[in-house]
Amino acid sequence: MKPIEIQNATYFVRNSGTVHQILANSTTAADPGWYLLSGSSRLHTIAFLDLLCGKSELQNGFCRIRGNISWPIGRMGVFSSVVTGINAISHFSILYGFDRNFGIEFVKEHLGQYELLWKPIVNWPTQIKLKFSLLLALVADFDIYLIDTNLAFPEDVDFSRNIIGLLRAKAKAKTVLLTPKQTQVVKAICTKAIVVADQKATITDNINEALAINNSKPINIGSINETAEIDADDGLLF
Amino acid sequence: MSTRETNEQVRSYLRSNCPSDLDAEARLIAFNELRDSAEDRGLISSPKDYQNRLAIEFAIAERQREISRENLSDDGPETVWELYDPNSPYFALNDGHPDTKTAPPKIAKNSRPKNWLLKIWSLWIQSTHRDGTMDRIGYLWLLADPMIHVLIICAIPFFLHSDTVDDMPVLPFGVIGACFLMTFRMAATGAMSGGGALLPQLDHPTVSRFDVIVARALHSLAVYTLIGIFLMSLIVLFGRGDLPANLPIVLLFLVLNWCIGLAYGTIFHALIGIYSGFRRINGFTIRFIALSSGTFYISEQLPDTLRQIVLMNPLLHSVQFARSYWFYEYKSSDASLFYLFFASLTLIATGLAMHMRNRSKVENVRA
């Protein structure tokens, strides 16, 4: 029983009006372990994370996830930015089934500037948002962690040391997928790599090779225009 | 003054005014005061002063690093990279790599109805916060905007009828019609947007597209129920109408009406995904539904030919049933419970089927 299993997967995504094929009849399975997730472009990495967290579905084949999987930690969209940190913890406690008060205490203890928890997230510095995101992921109990953010914060060594310690304790013998935001970190921490390139997802032990493939064929990623979707209402009464 | 001198001056200022025992927020305030003071003195007021600005920002960053180093405990590493350097005594993986043992993965638990309802509630709260903070009095607009819509729609029956419509007082008659119409319409709009503001919540593996559609559409039910109850209470208070004959049944029809709107919106969301021109067709369809919904009239007043057409609209049946259970004076002879439930179930089943079919469509990837 492998935590991530992909069979005969055909997977397309759309970006800036263009359709890209990410996987073509690809089959792979990942054992528990700490993986570097490397895509031939950032689009491939994002699309693969979308597939794993269930945001997108395959057009053909199947992707089976066994166990609880995290959201792609580091994506800020999951926080409705206008809510306060406390509201966000309540929301996450409902979605992931952890105790709200424990979550608040845990974040207060490790975040440092805990007084920010009562202020809207939109006003927080980016680094604090990333730290908050990591801490929330550590409160919940996951079998698969998708990490799309920095693990090392050069301006806050203590926090970095705490977070790696906590993550190691929490994700011991579990599956962690880490995108190569910080090469030094992934080289030290990852023992295997999932490479999404040439319409295939493959697993390799060669981290350096995987890092060389990462973003080797960059695609210009446009942000999607959601206004057309949001403003389905034309504002008229009838 | 040269850039280097400015930098030196700012650094010495920060050393005396920003000690290392200041907490992070006080430090930020001190830095902002420094920037304000520099601006007041005209050091960084024009775009040409970018060298000064750079010197100040560099001094602030330098002070941050100094404080970070001063605050480090004695036994800690100096830089974060030592945590990931196998030759460093602070190497984070010194006592073995965390993936050395393998554990069988657990199977995810099924969600229970109570958890699902809690999740929808929480998503709705997120969506409401987002809508409520669009401007300074956003929360007020959340209720004021739909209230104005309802009142404008209520004004139309005044022009068409005298004091009563088939013995029903025209004011509560209009409020029921308007609230039902707007609940349907806004539920349809919420579902048609595929989740709208809640779309980023799809990053959560525990949140499905169906969840965000329902949570977004829930807003209309909550708002128009609240507004309906508020306006009807005022009407009863000022003696312009009576208390309802059977309020729970009326609310039940409102919920059914909301479900119809949700199903309609889900169908059109899927259709728009196939061909975007369906958005235009929806514009006409939703207007036809509004005009034939019985908001301003009752079907019993219409000529036979027209009546046969408007009775095809399930919304009309639910509005007429609601009025029948609100007013003692009126019992609809045209509304059919069998037709209403048959049409509702058909729409809901079609909506769900199209939603399932739509799940494997090619998705947009955002940066």
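The UniProt record (unreviewed entry) places the feature "transmembrane region" at residues 139–160, 172–200, 221–239, 251–274 and 337–356 of chain B. Such positions follow the numbering used here, feature names are shortened, and annotations may be inferred rather than shown by experiment. The model is predicted: local features need pLDDT of at least 70, side-chain atom pairs count only at pLDDT 80 or more, and totals for chains, interfaces and linings use all residues. Residues are numbered from 1 along each chain as its sequence is written, chains are lettered from A and ligands numbered from 1 in the order in which they are written, and side-chain values use heavy atoms, with hydrogens and water left out.

Two of the annotated segments were examined. Residues 139–160 of chain B are 100% helix and 0% strand, with end C-alpha atoms 34 Å apart. Residues 221–239 of chain B are 89% helix and 0% strand, and their end C-alpha atoms lie 27 Å apart. Helices (H or I, at least four residues) and strands (E, at least two) are DSSP runs, numbered from the N terminus.

Chain B is assigned domain 1 (3–84) and domain 2 (113–358). These bounds come from an automatic or database domain assignment. The centres of the two domains of chain B, taken over C-alpha atoms, are 56 Å apart.

Side chains of opposite charge can pair when their charged atoms come close. A salt bridge is a side-chain nitrogen of Lys or Arg within 4 Å of a carboxyl oxygen of Asp or Glu. By this rule, 15 salt bridges are counted over all chains.

In chain B, Asp211(B) pairs with Lys119(B), the closest N and O atoms being 3.0 Å apart. Asp211(B) sits in helix H7 (residues 209–237) and Lys119(B) in helix H4 (residues 113–132), so the bridge ties together parts 92 residues apart in sequence. Asp211(B) is buried (under 20% relative accessible area; exposed is over 50%, partly exposed in between; 1.4 Å probe, protein chains only), at 3%. Lys119(B) is also buried, at 10%.

Arg216(B) and Asp131(B) form a salt bridge at 3.1 Å, N to O. Arg216(B) belongs to helix H7 and Asp131(B) to helix H4, so this pair ties together parts 85 residues apart in sequence. Arg216(B) is buried at 16%, and Asp131(B) is buried at 14%.

In chain A, Asp31(A) meets Lys2(A) at 3.7 Å, N to O. Asp31(A) lies in the loop between strand S2 (18–30) and strand S3 (33–39), while Lys2(A) lies in the segment before strand S1 (4–15), 29 residues apart. Asp31(A) is partly exposed at 34% relative accessibility. Lys2(A) is partly exposed at 31%.

A network of salt bridges links Asp50(A), Lys55(A), Arg75(A) and Asp203(B).
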